[in-house]
Amino acid sequence: MTITDEDCLTETLAFNEEFAAAAANRPARGPAPDAAALALLRRNRLGGGTPPVRLPQGRTRVVDGVPVRVFVPGRVDGVHLHLHGGGWAFGSADGQDERLWRLAEQANLAVVSVDYRLAPEHPYPAGPDDCEAAARWLVTHAEAEFGTRRLMIGGESAGAHLSAVTLLRLRDRHSMTGAFRAAHLLFGPYDLSMTPSQRLFGSRPTLSDTESLRVGYERFTPRMTAEERRSPDVSPLFADLRGMPPARIVVGTEDPLLDDSLFLAQRWQAAGAPVRLGVVAGAMHGFTLFPLTVTHRELRRQQSFLATA
């Protein structure tokens, strides 16, 4: 395992401490937030207390019954299917317009972000079903809509999980192996029965810890046992990963999901696909949400990977 960005460790760890100190002022993500708390969490930026900026360059439409947010730059060399994070319960397709538009312009990619249904109102398999439907639509219509068949997929946290699940569903349900050229997976949970790093992380006031993960899994897969959560459609770490595209898998050393990325990268590569594994020194879960040096570096690396895949 090669750890990157050690020259930024002092800044990254200092931010972690500041974030922990401000924990009392953030809305709680408990197992059953009331309607007002849930609405506030969904309205504001992930990891922050202000609403996201919605850009005029983004266009909201519905494809195969699923709402998506679409960004099309002046030059299109490919299409990136983006699945947002938020523990399958928060976040939205229009929650990071600035970042998606920047990616579209700088990597010459049309970006299609999926507004999949959220738990607890719509638990598993609603969210994965929506992502599968949007991906199938893109495979069929990308050339007519965007002038290219060069497709990538990716997301952060729950979006990384949904990206892996979507690729497996395309292969197993629709014989669509190879439709996507690359996967970009940021700090995802790939074992919802909990890897050792998830179980041992404990209670720390970071963006995610052991208890918040348990709560999120119960919200997304209510009443499932640990064994049931090891189904490959729920936990892609347990899937046969043959036929997956090249991937870039990224996680921070202070993330309870560290093992998930390490284990998935090993199994993904063992199944025959190239993997670039990035392990960021001192970074907590969701670090790319915050204005850090490692965030700017990571976004540039993501752009480079998707532009050249």
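Tutor: Helix α5, residues 158–174, has 17 residues and reaches 23 Å from its first C-alpha to its last, close to the 24 Å expected at 1.5 Å a residue, where the expected span is 1.5 Å times one less than the number of residues. Helices (H or I, at least four residues) and strands (E, at least two) are DSSP runs, numbered from the N terminus. The model is predicted: local features need pLDDT of at least 70, side-chain atom pairs count only at pLDDT 80 or more, and totals for chains, interfaces and linings use all residues. Residues are numbered from 1 along each chain as its sequence is written, and side-chain values use heavy atoms, with hydrogens and water left out.

Of the 17 residues of α5, 14 are buried, so the helix is largely enclosed by the rest of the structure; buried means under 20% relative accessible area (1.4 Å probe, protein chains only). After α5 comes S175, with a positive phi near 55 degrees.

The sheet is open, with nine strands in the order β1-β9-β8-β7-β6-β4-β5-β3-β2 and mixed pairing; two strands pair if DSSP finds at least two bridges between them. Strands β4 (78–83) and β6 (151–156) run parallel and are joined by five bridges. V79 has L151 as its bridge partner in β6. On this sheet α5 packs, touching β4, β6 and β7 (182–186), contact being heavy atoms within 4.5 Å. The direction of α5 makes about 145 degrees with that of β6; axes are lines fitted to C-alpha atoms, for helices over the stretch in contact, and angles run from 0 to 180 degrees between N-to-C directions.

Note on methods. Buried means under 20% relative accessible area, exposed over 50%, partly exposed in between (1.4 Å probe, protein chains only).
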